[in-house]
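Please consult it alongside the display below.

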Amino acid sequence: MKVIALVLVGLLCVSAETQTRSPGQLLVDHINSLILSIRNEQTEHDDIYTVQQRECGDELGFRKKEVQDAVDALTRATEHKGRAQAAHASATADLIRVKTYQQILEDQVEFITTRRNDRAANFNKKVQNINTSLSLIDGAEQIVNEFANASASFIQVTKHFNNMFLQATKAGNAGEYAPLLSVLVELSGDGNVSVDNINRIRQLLNELREKLSAALSQLTDNENTQIEVFQARKNRVQDVITLLVNVQGQLTAYIAQLQATIIKEEDIINSATSKRIRNQNLLNYASDMCNAFNTEYNDSTGARRKEVELLTKLRTFVEQRVEEFNQYGGDPTDVFASYAKQGSTQAAEAQFLQLRANLRSRK
């Protein structure tokens with residue numbers, strides 16, 4: 001019924017005004033696409049089922065061996081305890097090393113972050129100096145124009161330019177202002193305020209603006225590059241830290257498991273019988289689980305086969321009545337695409353692996 005509903009929704013969405021192919025032909029195309037997606041889903045399930053069969057074989061064989069090993073567990077108890085104690089000591093040492101590595105990397109992240117913040121502050125200071133200089137240049141152009149029109153005195157000009165030179169000294173680029181300073185000195189010496197001198201000042205101010213603008217652009221590009229490099233490095237280190245945190249969790253769980261094994265092996269003389277019973281129960285549980293996999297696979301395969309058969313009949317029905325379907329409009333792509341994405345083979349595989357892990361942990 002789900003397949004019929006999806007195909008009918010696709011039919012109602014067909015629009016002859018927006019398709020180069022006829023609605024009926026387009027619906028056939030999407031039925032074919034849906035059939036292909038079901039077959040692809042079956043192929044993926046086949047692959048998972050193959051893995052499940054192999055893992056089931058491994059698990060069932062493992063549990064059968066555990067049942068047999070329980071008979072000889074008494075003589076091996078001392079050996080097992082010794083191995084568990086050695087592994088416990090090794091895992092504990094590994095845990096200490098991992099924690100040390102994590103602390104080193106966290107210190108490194110703190111260091112590069114502090115250095116990045118310092119560089120960002122320096123960048124902001126430089127940007128502020130450049131913007132201030134650009135603002136002073138804009139003001140200088142205005143006062144030069146007023147000076148050329150005799151609405152501002154030479155004293156006002158020199159006062160403004162003196163502020164520019166002070167700002168340039170503060171920003172560390174006073175050398176860029178040397179040509180402009182020479183012209184002003186020349187004006188103050190002979191008082192010759194010619195059009196050429198005014199134009200020369202304007203030209204020098206434009207050149208200064210272009211240099212400062214270029215410097216600001218370069219500074220910004222460099223800062224962005226440094227930010228990208230910093231972020232990439234920080235991300236790499238953080239990824240390693242995350243990995244180390246996960247390893248710590250695994251080691252902690254492993255150490256706890258080993259400790260439990262040591263305690264268990266000390267009491268194994270009295271627990272050999274219970275171990276055999278426990279592993280027999282786990283063997284039965286694994287057998288039931290594998291049988292469930294078989295049932296689920298067979299049921300799903302049969303259901304998909306019926307879906308393909310039904311879609312094939314629908315395709316034949318549509319092909320025989322293409323002209324009748326052409327009266328509908330729309331694009332059913334979204335409907336079929338959403339159906340094709342249903343189901344997660346990864347979820348099935350994850351469930352199997354989790355069940356297998358649970359069985360292992362109950363050894």
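The points that follow are grouped by topic, from the overall fold to individual residues.

The structure is a predicted model. Its secondary structure consists of ten helices and zero strands. The chain has 363 residues, and 34% of them count as buried.

**Overall architecture**

- Read from the N terminus, the order of elements is α-α-α-α-α-α-α-α-α-α.
- Among contacts in the chain with a separation of 6 or more, 87% are between residues 24 or more positions apart.

**Annotated region**

- An unreviewed UniProt entry places a "coiled-coil region" at residues 198-225.
- In the model, this span is 100% helix and 0% strand, and its end C-alpha atoms lie 40 Å apart.

**Nonpolar cores**

- In soluble globular proteins, nonpolar side chains tend to be buried together.
- The largest nonpolar core of this chain has 20 residues, and F161, M164, L180 and L205 are those with the most contacts inside it.
- Helix α3, helix α4 (154-171) and helix α6 (195-266) each contribute at least two residues to this core.
- A second, separate core comprises eleven residues, including V98, L105, I241 and L258.
- Beyond its neighbours within four places in sequence, L180 is in contact with F161, M164, I201, L204, L205 and L208.

**L212 in helix α6**

- L212 belongs to helix α6.
- The relative accessible area of L212 is 6%, under the 20% limit, and the residue is therefore classed as buried.
- The C-alpha atoms of L212 and S133 are 8.0 Å apart in space, although the two residues are 79 residues apart in sequence.

**R116 in helix α3**

- R116 is located in helix α3, which covers residues 73-148.
- R116 has a relative accessible area of 8%, so this arginine is buried.
- The side chain of R116 makes a polar contact of 2.8 Å with the side chain of E223.
- With residues up to four places away in sequence set aside, R116 touches E223, Q226, I227 and F230.

- A pair of aromatic rings is described by the distance of the centres and the angle of the planes.
- The count for this model is one aromatic pair.
- The ring centres of Y49 and Y297 are 3.9 Å apart and the planes meet at 10°; because planes under 30 degrees apart count as stacked, the pair is stacked.
- The pair connects distant parts of the chain, with Y49 in helix α2 (residues 23-71) and Y297 in helix α7 (residues 268-320), 248 residues apart.
- Y49 has a relative accessibility of 17% and counts as buried.
- Y297 likewise counts as buried, at 15% relative accessibility.

**R304 in helix α7**

- R304 is situated in helix α7.
- The relative accessibility of R304 is 11%, so R304 counts as buried.
- Apart from neighbours within four places in sequence, R304 is in contact with I38, E41, Q42 and H45.

How values were computed. Residues numbered from 1 in each chain as written. Predicted model: local features only at pLDDT ≥ 70, side-chain atom pairs only at ≥ 80, totals over all residues. Heavy atoms only, no water. UniProt positions renumbered as here; feature names shortened; annotations may be inferred. Helix = DSSP H or I, 4+ residues; strand = E, 2+ residues; numbered from the N terminus. Buried < 20%, exposed > 50% of the residue type's maximum accessible area, 1.4 Å probe, protein only. Polar contact = N/O pair within 3.5 Å; in protein donor to acceptor, adjacent residues only side chain to side chain. Contact = heavy atoms within 4.5 Å. Core = buried A, V, L, I, M, F, W, Y, C linked by side-chain atoms within 4.5 Å. Phe/Tyr/Trp six-rings, centres within 6.5 Å; stacked < 30°, edge-to-face > 60°.
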